[in-house]
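Here is a short briefing on one structure. Keep the sequence and the 3D view open as you read.

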Amino acid sequence: MTIEKNKDLDEYILNHIDEESELLKQLDRDAHVNLLRPRMISGHLQGRLLKMLCRLLQPRYILELGTYTAYATLCLAEGAPEDAEIHTVEVNDELEDFIMKYLHQTQLKDKIHLHIGDAMEIVPAIDCTFDLVYIDANKRVYVEYYNMIFDKVRSGGLIIADNTLWDGHVLENPKSGDKQTIGIQKFNDMVAGDNRVEKVIIPLRDGLTLIWKK
Ligand SMILES: C[S@@+](CC[C@H](N)C(=O)[O-])C[C@H]1O[C@@H](n2cnc3c(N)ncnc32)[C@H](O)[C@@H]1O
């Protein structure tokens, strides 16, 4: 398929799925003007999918590694039940004001617990068994994240990992300094060989792996 047709199809899809809320649209615009690397936001299509998964699974306890603007956090919160607890962890404390500016504009904030700090230090101290975990922080250490959270996910729980196709770089022989590609490749190989889980990679955006714990 030509690139042009792909773009047209992307637009067609966005015109035929649920809209983002005004708040998410505003957050996205604000991030594009004021933040570095706004492409990291999950975005309209993936955001609606995260909401839909929460609608279907009704997860009570959710963990997100890598909050950035809280775009995905808000999508998860939209679909999660009223009494859900969403723990989201962000290492960059400079993002806190941006995140809180948007959380304060919605009742959804009542479900959201923002933790500022390194996920590897914060998560072990959260006393929760999670129904859903969204891994979307440092690509270099996805394997470490997976090992850290695995026992904190209930049987029948879902782990979602973002960027698992890494712009197609997973197919390449990475240079030794390219720790992000190496990290994602190691993660994909490890999950593929893990018979404690069922897994599927969806070629959506930058690749989204759904991992169901048996
Ligand atoms: C791809 S962005 C997250 C995007 C967000 N989940 C979304 O879907 O809109 C990755 C974020 O992870 C954060 N991050 C990187 N390493 C981290 C760590 N060790 N602990 C917590 N957050 C981390 C980065 O600062 C960045 O804001």
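A70 is buried, because 28 other C-beta atoms lie within 10 Å and 20 or more are enough to count as buried. The model is a predicted one. The points below start with backbone angles, then turn to helices and the ligand.

**Positive phi angles**
- Most residues other than glycine have a negative phi.
- A70 is not a glycine, yet its phi is positive, about 75°.
- A70 sits in the loop between β1 (61-65) and α4 (71-79).
- R37 also is not a glycine, and its phi is positive too, at about 55°.
- The loop between α2 (22-34) and α3 (43-57) holds R37.
- Is R37 buried or exposed? R37 counts as exposed because it has 8 C-beta neighbours inside 10 Å, and the limit for exposed is 12 or fewer.

**Helix α5 and its buried side**
- Helix α5 covers residues 96-103, and I99, Y102 and L103 in it are buried.
- These three residues are on the same side of α5, because they cover an arc of only 100° around the axis.
- An α-helix has 3.6 residues a turn, so residues three or four places apart point the same way.
- α2 and β3 (112-116) are among the elements that cover the buried residues of α5.

**Helix α7 and its buried side**
- Which residues of helix α7 (residues 142-150) are buried? They are Y142, Y145, Y146 and I149.
- Their arc around the axis is only 100°, so they lie on the same side of α7.
- The buried residues of α7 pack against β1, α6 (119-122), β4 (130-135), β5 (153-162) and α8 (179-192).

**Helices α3 and α4**
- Two packed helices are described by the angle between their axes and the distance between the axes.
- The axes of α3 and α4 cross at roughly 30° and come within 7 Å.
- The crossing of α3 past α4 is right-handed.
- Residues of α3 in this contact include G47, L50 and M52, and those of α4 include Y71, A72 and C75.
- The contact of α3 with α4 holds 8 nonpolar, 2 polar and 3 charged residues.

**Around the ligand**
- How many residues surround the ligand? There are 20, and the closest are S42, G66, Y68, A72 and A119.
- β1, α4, β2 (85-90) and α6 each give at least two residues to this shell.
- By class, the shell has 11 nonpolar, 5 polar and 4 charged residues.

Methods:
Residues are numbered from 1 along each chain as its sequence is written. This is a predicted model: local features need pLDDT of at least 70, side-chain atom pairs count only at pLDDT 80 or more; totals for chains, interfaces and linings use all residues. Helices (H or I, at least four residues) and strands (E, at least two) are DSSP runs, numbered from the N terminus. The arc is that of the directions from the helix axis to the C-beta atoms. Two residues are in contact if their C-beta atoms, placed from the backbone, lie within 7 Å. A residue is near a molecule or strand if its C-beta atom, placed from the backbone, lies within 6 Å of it. Ala, Val, Leu, Ile, Met, Phe, Trp, Tyr, Cys and Pro count as nonpolar, Asp, Glu, Lys and Arg as charged, and the others, Gly among them, as polar. Axes are lines fitted to C-alpha atoms, for helices over the stretch in contact, and angles run from 0 to 180 degrees between N-to-C directions. A crossing is left-handed if the near helix is turned anticlockwise from the far one by less than a right angle, and right-handed if clockwise.
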